[in-house]
There are 6 protein chains.
Amino acid sequence: MPFALSGTRVPSASVTDSGAEREKETVAYHEAGHALVAESRPHADRVSKISIIPRGVAALGYTQQLPTEDRYLLKKTELLDRLDVFLGGRVAEELVFGDISTGARDDLQRATDLARHMITQYGMSEHLGLGTFEEPRTSPFLNIPMAQGPREYSERTAQAIDEEIGKLLADAHQRVTGTLTDRRVSLDALAKLLLEKEVVDRTTLDRLLAPTHAE
Amino acid sequence: MPFALSGTRVPSASVTDSGAEREKETVAYHEAGHALVAESRPHADRVSKISIIPRGVAALGYTQQLPTEDRYLLKKTELLDRLDVFLGGRVAEELVFGDISTGARDDLQRATDLARHMITQYGMSEHLGLGTFEEPRTSPFLNIPMAQGPREYSERTAQAIDEEIGKLLADAHQRVTGTLTDRRVSLDALAKLLLEKEVVDRTTLDRLLAPTHAE
Amino acid sequence: MPFALSGTRVPSASVTDSGAEREKETVAYHEAGHALVAESRPHADRVSKISIIPRGVAALGYTQQLPTEDRYLLKKTELLDRLDVFLGGRVAEELVFGDISTGARDDLQRATDLARHMITQYGMSEHLGLGTFEEPRTSPFLNIPMAQGPREYSERTAQAIDEEIGKLLADAHQRVTGTLTDRRVSLDALAKLLLEKEVVDRTTLDRLLAPTHAE
Amino acid sequence: MPFALSGTRVPSASVTDSGAEREKETVAYHEAGHALVAESRPHADRVSKISIIPRGVAALGYTQQLPTEDRYLLKKTELLDRLDVFLGGRVAEELVFGDISTGARDDLQRATDLARHMITQYGMSEHLGLGTFEEPRTSPFLNIPMAQGPREYSERTAQAIDEEIGKLLADAHQRVTGTLTDRRVSLDALAKLLLEKEVVDRTTLDRLLAPTHAE
Amino acid sequence: MPFALSGTRVPSASVTDSGAEREKETVAYHEAGHALVAESRPHADRVSKISIIPRGVAALGYTQQLPTEDRYLLKKTELLDRLDVFLGGRVAEELVFGDISTGARDDLQRATDLARHMITQYGMSEHLGLGTFEEPRTSPFLNIPMAQGPREYSERTAQAIDEEIGKLLADAHQRVTGTLTDRRVSLDALAKLLLEKEVVDRTTLDRLLAPTHAE
Amino acid sequence: MPFALSGTRVPSASVTDSGAEREKETVAYHEAGHALVAESRPHADRVSKISIIPRGVAALGYTQQLPTEDRYLLKKTELLDRLDVFLGGRVAEELVFGDISTGARDDLQRATDLARHMITQYGMSEHLGLGTFEEPRTSPFLNIPMAQGPREYSERTAQAIDEEIGKLLADAHQRVTGTLTDRRVSLDALAKLLLEKEVVDRTTLDRLLAPTHAE
């Protein structure tokens, strides 16, 4: 691992020549961010494999997590760790490139949906309380949104929901920024390995992360 | 009953090894919470059976209450006791684990619906008064939500309804927290019994609760 | 008529044993409340029969009023008396049991609809003035609510309509509470007769109410 | 014409015995009110016939106005006179009976529609200005309201429209109250004649109104 | 041209006898107003023909403008001149009769639509900026409005759009009032000629307007 | 290049005679604006061809940009440069003619859509944060907007989105105005060349822009 800084921005993208190379580097850091946050959270599923081999337009890279057993219930602490993992890719881009890409769209949508569920379905927001709030419904026959009546709850409640979602995401962003700033050496190492090998399995990940425990 | 504390949190989950075991313990405390609140309320139906044998994804456990006779009318005092029983599982999780799970979703939805009905259909909110307020309508032909016109009532009324639902639920939460804190010994005993036997019937419940009347 | 108090609450429900008996008593007082208010209002139709024989789930009891002749126009004074009769059952429950039941739902819906019509269709609210305000529309083909466009009037008007409905109902509640408090002796007597006979006709009602004119 | 007062309320309804008689008297004064306002306005069409012979539920009475010629354009002054004629029946009820009936519903709806058109389609409100504002649309195939998108204009504009409609109607109400108070002798005479004859034609109306020019 | 005043109201309508004559005079002044404003604006198309021969209910009169060549782009200055021409008929009615008619409805709708487009589609409002704002959409299959989702933009933006439309129309109204007040002699002359001939072509218009250049 | 000013307005439109000529000049400057901004931005695709040969009503002219390679991810800096290119045509019209045309409609719609996506789908607005906000949905079967339920987010969020879109566009407008003011000589030269040749290819563009590097 040649570079040892943490917390400063390495404009590594500037030394690659082609747009395709820059794109691959972005994807590598993005996936490394997801993986490293997952490894840093006690309640997140362990990473089994990371890949930056493109699989069609929908996924330029992916980080696979294997749950250790079947689960039916999820605790609030587990859901918060999931939020962090969703944001790991985006925060890695911010830290490394000082620029952000359209590649985080799916992560952000899933993080927003999770935060909304925590607040509106699981009573996990102290501000909103124990009540549940209706979700957009979908027809059972067609995979399209249904025409619906007016919103069941008031504008003020809608505003409180928006604020709570924003707060959950902002808190997660801050936690993840802390984690990846602290573990920047591992982040760079993992991204570099991904750029070389394109696929990193659990064994390789364990070996790579072992010496960095001193961080 | 080996432990005698009440009001402090026993991190019992920390001594179980697997996630499945932890999940089972959560379910046991959740159902024990429902059952104990039902037994503590004069206008709630008596508990006939408690089980933590999973019945598909929809219900990991259940607490069966047998109404003693057919009923057509329900009094406000009875509805308030029902609210308390709905929240018993969630509050048990809070008190015992210091964490909450997704398992309370159905309870929270039913509690919210009941609170909404009390306010909008039965004139049981002093703040909202005797008027009724339309509910979301469903097509008689398809089990899907209907396209509807604009909300019949004003945003200010919608806000008042949201506030009253929140207040009904917050009051119930406070009452139930008091009950389960006071009866923590019974709660632990009942959850322990459920973890051992998986099913507790009325006779066993009576025997278990008998010595705790001194609480 | 053994008890002579008025304005204090007789916890008569406490002496009945079964829930079915308590329910029957609730229904008897509820119908007696409707009937007594109808008899106390100059512009209400006279009561022809009161019954607490259950007729399916929809009606546990009923109070039948016979209009003395065909009518096409209704005066505001007549509509106000109708509001009072709708609330008679609910107020009787409040006064006698200190608790309220779900049994008033239909009465409250009809009272709300009537109050809304007075305000939005008949120009009978000084605050809202002479304008009419569109009502929810129903398809002529299916008995289901129609998809509709945006509400014709402003949120501020919607708020004023809600306030006026609330005021009409609150005023009626106050008038009816006054009437039934004043005529508590008759109310108890009529409810007792209903519990004994289950059906009270006009002749019996006249006999029962005759001696109470001194109230 | 036996009674000569104006501006005080004659409780003439109190001397009739049956509800049908009272209803007929209400209709007679209602139609007389329409007719007398029409005769008092320079830009209203002349009355050709007044009748209180019921024509089904929809119209207990009617006042027929014959336009003197075909018209394609209407001036604002003419529309204001139409508003006054619409309110003539309602104001007559107020003045004579001190009570109002459901019989004015159609008049109020038509007056509201006219006022709305003046403001939203014809640019006749100084406050709203020259812009037009969309109206509720109806399907060309079915005589039912269409599902529509969101309201084209803002809530603040909706509020201004509501206020202007209210002001147009309140101003008309004041003008008509003035007219019918001034012409109370004619109003009583015309209503009395209608109660006797049930139909009054133009010639009879001319004769009846002739001597009252001195008012 | 017998009358030479400008800026005072000639109650010319008062000397005509029948309503049809008054209506014809209104139409003549209305069309003369359109034509004179079109002739006064550098970026408006020239008038080729004016007619007050009724063509069914939809158009009692018309002013025909011939574009001098095919155009695909329109400049803001041209659109503002179009607004002025749309309002020419209405302002002529105001100035001449001191009353306004329902005949301006189409003009006002077209002016409102044009103003809305300038603001929401062409970025021509400094206050609203360069963003575009969705318009009501129509089904491609049926000529009916589509059911739509919620409005894309906020209530505050809707309010700003309403205000800007109002401002564009109020400014145009002021400009047109200035123009027709200044050219009142020509307006009276053109209206008089239209009442005599019913159709005025370009040549006649040129002749009529020539001597008034001194205005 | 005969004229050397920059920043002042050349009323070149005033010397052309016909409207078609003026329209062609507008299109030439509009396309030259797009092209010059694209050439001035490091992250925009290079211009391959500019043409003012009309291709039907939809496009009077066009500027073709060729991406140098396939791209799946776009960085925020690239999206900002795209915004600038979209506004290049409109700003050129403003600077050169002191008037604006309807020709920028498509550019403004695409710029608005892009800005909205940056804010609501890609988490690129600091003010709105990382949450995603639902977009208007379209049926998968018909290319028409779907009837939808109420907006998922609050009015306050809708307002914040509107403000952020407005800010992104206003900032871009300011940047582009700076660029085209600085490069006015090249803008005039390119527009003049387009008016002469109607099509300008990459080679010609390179030659034309080369000497102006001194700007």
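Predicted model: local features only at pLDDT ≥ 70, side-chain atom pairs only at ≥ 80, totals over all residues.
Two packed helices are described by the angle between their axes and the distance between the axes. In chain C, helix α2 (residues 76-97) and helix α3 (residues 105-120) have axes that come within 9 Å and cross at roughly 160°. Because angles over 145 degrees count as roughly antiparallel, α2(C) is roughly antiparallel to α3(C). The crossing of α2(C) and α3(C) is left-handed. On the α2(C) side, the contact is formed by C:Lys76, C:Leu79, C:Leu80, C:Arg82, C:Leu83, C:Phe86, C:Leu87 and C:Arg90. These residues meet C:Asp107, C:Leu108, C:Arg110, C:Ala111, C:Leu114, C:Ala115 and C:Met118 in α3(C). By class, the contact of α2(C) with α3(C) comprises 10 nonpolar and 5 charged residues, with no polar ones.

In chain B, the pairing considered is that of helix α3 (residues 105-120) with helix α4 (residues 155-182), whose axes come within 9 Å and cross at roughly 125°. This angle makes α3(B) oblique to α4(B), and the crossing of the two helices is right-handed. Helix α3(B) contributes B:Ala111, B:Thr112, B:Ala115, B:Arg116, B:Met118, B:Ile119 and B:Thr120 to the contact, while α4(B) contributes B:Ile161, B:Glu164, B:Ile165, B:Leu168 and B:Leu169. The contact of α3(B) with α4(B) has 8 nonpolar, 2 polar and 2 charged residues.

Helix α4 (residues 155-182) of chain C contains C:Asp162. With a relative accessible area of 12%, C:Asp162 counts as buried, since the cut-off for burial is under 20%. Leaving aside residues up to four places away in sequence, C:Asp162 touches B:Tyr153, B:Ser154 and B:Thr157. The side chain of C:Asp162 makes a polar contact of 2.4 Å with the side chain of B:Thr157. Within chain C, the C-alpha atom of C:Asp162 is separated by 10.0 Å from that of C:Thr112, which is 50 residues apart along the chain.

Most residues other than glycine have a negative phi. C:Glu198, by contrast, has a positive phi near 70°. C:Glu198 lies in the loop between α5 (184-197) and β3 (199-201) of chain C, and is partly exposed, with a relative accessible area of 28%. In chain E, E:Glu198 likewise has a positive phi, of about 70°, although it is not a glycine. The place of E:Glu198 is the loop between α5 (184-197) and β3 (199-201) of chain E. E:Glu198 is partly exposed, at a relative accessible area of 28%.

Notes: Residues numbered from 1 in each chain as written. Chains lettered and ligands numbered in written order. Heavy atoms only, no water. Axes fitted to C-alpha atoms, helices over the stretch in contact; angles between N-to-C directions. Helix = DSSP H or I, 4+ residues; strand = E, 2+ residues; numbered from the N terminus. Parallel < 35°, antiparallel > 145°, perpendicular 65-115°, else oblique. Left-handed = near helix turned anticlockwise from the far one by under 90°. Contact = heavy atoms within 4.5 Å. Nonpolar A, V, L, I, M, F, W, Y, C, P; charged D, E, K, R; others polar. Buried < 20%, exposed > 50% of the residue type's maximum accessible area, 1.4 Å probe, protein only. Polar contact = N/O pair within 3.5 Å; in protein donor to acceptor, adjacent residues only side chain to side chain.
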